[in-house]
Amino acid sequence: MSTRHVLVPTTRILSATSTTDILCWINQSLDDGATELLLDLRNVMFMDSSGLGTLVVALTRVQAMGGTFALCSLGGQARMLLEETDTEQMFTIYSDRKMFEQRLAAA
């Protein structure tokens, strides 16, 4: 059975000044034995290259531990940045948290 952890950042801007919490959450979740991690970006309206880099680091760490890292509720400029940098296909992206939960229930 997988253990899942979900984080909903309260910040509206995902940049170098706001990504430390995400990396701490990743590390703590992995230490706790989580295998399914979801970052719910519903509040994020802007993401810069530091924010994108943090998502890639998070993905790499989780995958190295045999887990799954997914994003949901990705919209606006943040989604556009993933599309324009051709990194969107690196991530599993769900429209919302409910879709993530349904996928886990079906597995």
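Start with helix 2: its 16 residues reach 22 Å from the first C-alpha to the last, close to the 22 Å expected at 1.5 Å a residue. The expected span is 1.5 Å times one less than the number of residues. Helices (H or I, at least four residues) and strands (E, at least two) are DSSP runs, numbered from the N terminus.

This is a predicted model, in which local features need pLDDT of at least 70 and side-chain atom pairs count only at pLDDT 80 or more, while totals for chains, interfaces and linings use all residues. Residues are numbered from 1 along each chain as its sequence is written, and side-chain values use heavy atoms, with hydrogens and water left out.

Select Gly 51, Leu 52, Thr 54, Leu 55, Ala 58, Leu 59 and Val 62. These residues of helix 2 are buried. Buried means under 20% relative accessible area, exposed over 50%, and partly exposed in between (1.4 Å probe, protein chains only). Now look down the axis of helix 2: the buried residues fall within an arc of 155°, so they line one face. The arc is taken from the directions from the helix axis to the C-beta atoms. An α-helix has 3.6 residues a turn, so residues three or four places apart point the same way.

Turn to the other side of helix 2. Ser 49 and Ala 64 are exposed there. Next, show what covers the buried residues: the cover includes strand 2 (13-14), helix 1, strand 3, strand 4 (46-47), strand 5 and helix 3.

**The two ends of helix 2**

Go to the start. A side-chain oxygen of Asp 48 reaches to within 3.0 Å of the backbone nitrogen of Ser 50. Ser 15 is buried, at a relative accessible area of 10%. Leaving out residues up to four places away in sequence, Ser 15 touches Asp 48, Ser 50 and Gly 51; contact means heavy atoms within 4.5 Å.

After helix 2 comes Gly 66, with a positive phi near 80°.

**The cores**

Select Ile 26, Leu 39, Leu 55, Phe 69 and Leu 71. They have the most contacts inside the largest nonpolar core, which has 24 residues. A nonpolar core is a set of buried Ala, Val, Leu, Ile, Met, Phe, Trp, Tyr and Cys residues joined through side-chain atoms within 4.5 Å. Helix 1 (20-31), strand 3 (36-40), helix 2 (49-64), strand 5 and helix 3 each supply at least two residues of this core. The largest share, five residues, comes from helix 2.

Centre on Leu 55. Beyond its neighbours within four places in sequence, Leu 55 is in contact with Leu 14, Leu 39, Met 47, Phe 69, Leu 71 and Phe 91. Another core, of six residues, lies apart; among them are Leu 38, Ala 70, Tyr 94 and Leu 104.

**Aromatic pairs**

There are two aromatic pairs. Rings of Phe, Tyr and Trp (its six-membered ring) pair if their centres lie within 6.5 Å; planes under 30 degrees apart count as stacked, over 60 as edge-to-face and the rest as tilted. Select Phe 69 and Phe 91: their centres are 6.5 Å apart and their planes at 65°, so the pair is edge-to-face. Phe 69 lies in strand 5 and Phe 91 in the loop between helix 3 and strand 6, so the pair ties together parts 22 residues apart in sequence. Both Phe 69 and Phe 91 are buried.

Move to Tyr 94 and Phe 100. This pair is edge-to-face, 5.7 Å centre to centre with 70° between the planes.

**Last stop: Asp 86**

Asp 86 has a positive phi of about 60°, although it is not a glycine. Asp 86 is exposed, with a relative accessible area of 55%.

How values were computed:
Polar contact = N/O pair within 3.5 Å; in protein donor to acceptor, adjacent residues only side chain to side chain.
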